[in-house]
Amino acid sequence: MADVEGKNLASLLLRCVQLTDGVSQIHYVKQIVPLLEKANKNGKCDPTIRSCLDILAGIYLSLNLKNPLKKVLASSLNDLPEFFLTEATQSFTSRLQEELNTTTDLYSYRKVIDNISSCMENFDLGRSSVNNLLENGIRVSVMLVQKVQGFQRLHLKSSPTWQSMCGLLSIFTKFLSDDDLLQTIQSTSGLAVILFIKAMFHPPEKIPDLISSLLLRSVDHTSIPEWLLNCCRSLCCSDVSQSALLFLCQGTLTMLDWQDGRMGPSGEALLLDTVRVLFTLSSQIKESTLEMFLSRILASWTNSAIQVLESSSPRLKDCLNGNSDVVRRLLEYVYTHWEHPLDALRHQTKIIFRNILQMHQLALEESGSDLAADGFIFQLTESLLRLEWHSKGKYTCLGCLVDYIGIEHILALAKTIPSQILEVMGDQSLVPYASDLLETMFKNHKSRLKSRAVDSTWIDKWHETWVSPLLFILCEGNLDQKSYVIDYYLPKLLNCNPESLSYMVKILQTSADAKTGSYDSRGALGALMACLRTARAHGHLQSATDAWRDLVSSARIKQGLIHQHCQVRIDTLGLLCESNRSTEIVSTEEMECIQFFITYNLNSQSPGVRQQICSLLKKLFCRIQESSQVLYKLEQSKSKHEPENQLTRQHPSVSLQQYKNFMSSICNSLFEALFPGSSYPTRFSALTILGSIAEVFPVPE
């Protein structure tokens with residue numbers, strides 16, 4: 001595999017293994033990672049590199065524990081580019097597996113043990129490989145027992161298969177009980193222990209009682225088979241570790257069949273015992289990784305509870321309805337952890353809360369109660385609404401409630417809730433939660449109003465509830481509120497109901513006549529331009545269409561282009577320059593307005609505003625350049641049956657000529673602005689815009 005020039009990884013390794021001097025070999029080993037970093041830039045792991053990584057694994061495992069080259073190789077491979085890590089881990093794992101499979105004598109065992117211990121010592125790649133090896137051994141066993149039906153009916157205690165399974169169960173029990181092992185291995189072992197007990201214990205109807213006694217640490221040694229005591233002795237005593245107990249709960253929920261309450265009353269009892277153990281562990285566990293596992297397992301418990309409740313006894317329904325002690329403690333867990341620093345754990349609290357609602361619904365189904373009118377749901381909704389809006393978990397839980405009982409029941413309790421949520425949107429940390437909740441609410445409201453409507457009047461109520469508070473914030477809110485509402489809430493509202501744009505424009509046009517704004521206030525005109533700009537950027541508005549002309553006049557746009565407030569001017573310019581389609585034709589009205597804008601706005605005193613003006617105009621020039629390519633192709637096709645482009649309503653050649661005239665006029669205006677004695681802001685703006693034109697249109701003339 002070595003190349004002729006002797007520069008590839010194979011050549012380097014070949015020279016290294018041909019040397020007998022250890023110091024020289026170390027010199028070559030240190031060149032491996034820099035060479036692979038160069039190969040990484042090509043973005044591929046070719047067969048030669050793959051083979052070399054396998055050879056490197058072989059070299060590492062062949063070296064004596066005290067050989068300094070072994071440590072140097074481990075240190076070098078710790079810096080291996082991430083791109084090659086998967087391949088390298090596979091090579092080390094398969095080489096270690098091969099060593100384990102071919103071990104025959106005491107010396108070989110010692111060598112394998114030394115290699116495993118060296119892999120675990122300051123060697124990330126080696127540690128991952130040993131972890132892989134251990135996990136894969138457990139997963140293969142689990143898969144075999146799950147898939148091969150013979151194992152499920154295995155009760156011949158003298159058979160070799162039985163003896164092998166007892167041996168494996170003993171090993172998995174030791175793994176589960178060893179808190180020094182990686183928790184992923186403990187977790188997988190917990191699954192394996194429960195699965196093997198399920199496959200081996202007879203009669204099957206007593207399995208729930210047996211597992212309950214394991215979880216409650218109350219095993220009667222005289223009542224269980226000798227083989228089970230021998231295999232799982234450490235789990236049958238009273239001092240089982242917290243992690244072992246946690247992963248036994250996980251195995252119980254994952255490996256047993258909870259569907260339709262197939263395990264009967266003893267299965268229901270086991271379900272309740274499991275959650276009580278989890279509650280106890282929740283108050284004891286402080287280590288973050290175990291906390292994460294616990295939250296997932298608690299969420300998994302609620303899923304199992306839902307499966308059992310589909311066809312459970314009245315007693316279990318009493319134990320799991322909203323007024324029960326179990327649900328009270330689940331809610332306590334949600335409230336305690338819904339602002340946990342770990343995203344993944346917060347997500348589990350959402351799953352748990354949503355499942356609590358479903359559990360309560362299933363527990364009530366026989367009585368035929370209306371969920372929205374139910375006392376538990378009413379109290380839960382009221383208690384959430386009473387909380388401060390700075391509590392992030394409140395948003396998530398209210399969103400779940402909306403999905404289950406509908407927004408109208410919440411609006412009946414808190415009519416001003418849209419305004420309350422919009423008020424907090426000045427706080428950046430709350431904006432994503434607030435905008436997501438509002439979206440859930442107004443989508444649900446629209447769906448329910450439409451489903452009952454006999455005519456189109458439903459939209460008036462929807463506008464009054466969701467659009468009117470938005471317009472108030474856009475006109476009267478503080479700067480941060482306006483900015484975040486425009487960026488987060490407005491696009492979602494328009495995506496849900498694009499027709500609302502005309503309603504917004506109508507209201508704001510009327511207000512703009514009375515209150516245009518001032519130097520320090522955007523007023524209704526500013527709100528109007530912000531709405532139109534957002535609508536256009538998200539594809540709800542195109543120029544050169546009747547919808548555009550019906551919504552806003554050129555006079556109104558020009559009013560925005562010379563408004564006293566700089567953000568109104570920027571939003572109006574953004575309306576003209578930005579589009580969700582880079583090839584959208586620039587209309588004659590837009591070109592006229594841009595020319596008007598340049599006449600009055602080159603002398604802006606704010607560097608930030610000048611920067612935004614130049615950036616927006618560059619977007620416009622890019623649109624002209626890309627749309628002109630489309631127009632040119634249309635002109636070349638000379639289609640007689642379609643003389644007019646449907647977007648421009650005129651022949652492509654006419655539009656192209658208008659583009660040329662416009663760009664020529666813009667350039668003249670900009671050059672004229674560079675007269676002797678012109679202000680620095682004017683010169684800066686003119687030269688920056690001319691630079692953008694030269695960049696976008698590189699042809700000299």
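The model is predicted. Its pLDDT averages 88 over the protein. A score of at least 70 is reached by 93% of the residues.

The domain assignment gives domain 1 and domain 2. Domain 1 covers residues 1-136. Domain 2 is made of two segments, 583-636 and 650-700. The C-alpha centres of domain 1 and domain 2 lie 59 Å apart.

Helix packing was examined for H2 and H5. Helix H2 spans residues 22-29, and helix H5 spans residues 68-77. Their axes are 10 Å apart and form an angle of about 5°. Angles under 35 degrees count as roughly parallel. H2 and H5 are therefore roughly parallel to each other. On the H2 side, the contact involves Gln25, Ile26 and Val29. On the H5 side, Leu69, Val72, Leu73 and Ser76 take part. By class, this contact of H2 with H5 has 5 nonpolar and 2 polar residues. Charged residues are absent from it.

The backbone was then considered. Most residues other than glycine have a negative phi, and most peptide bonds are trans.

The peptide bond between His202 and Pro203 is cis. Its omega is about 5°. Pro203 sits in the loop between helix H11 (183-200) and helix H12 (207-215).

Asn122 is not a glycine, yet its phi is positive, near 55°. This residue belongs to the loop that links helix H7 (106-119) with helix H8 (124-147). The relative accessible area of Asn122 is 62%. Exposed means over 50%, so Asn122 is exposed.

Asp260 also has a positive phi, of about 55°, although it is not a glycine. Asp260 is found in the loop between helix H14 (242-255) and helix H15 (264-284). Its relative accessible area is 38%. Asp260 is therefore partly exposed, a class that runs between the 20% limit for buried and the 50% limit for exposed.

Key
Residues numbered from 1 in each chain as written. Predicted model: local features only at pLDDT ≥ 70, side-chain atom pairs only at ≥ 80, totals over all residues. Heavy atoms only, no water. Axes fitted to C-alpha atoms, helices over the stretch in contact; angles between N-to-C directions. Helix = DSSP H or I, 4+ residues; strand = E, 2+ residues; numbered from the N terminus. Parallel < 35°, antiparallel > 145°, perpendicular 65-115°, else oblique. Contact = heavy atoms within 4.5 Å. Nonpolar A, V, L, I, M, F, W, Y, C, P; charged D, E, K, R; others polar. Buried < 20%, exposed > 50% of the residue type's maximum accessible area, 1.4 Å probe, protein only. pLDDT = per-residue confidence, 0-100. Domains from an automatic or database assignment.
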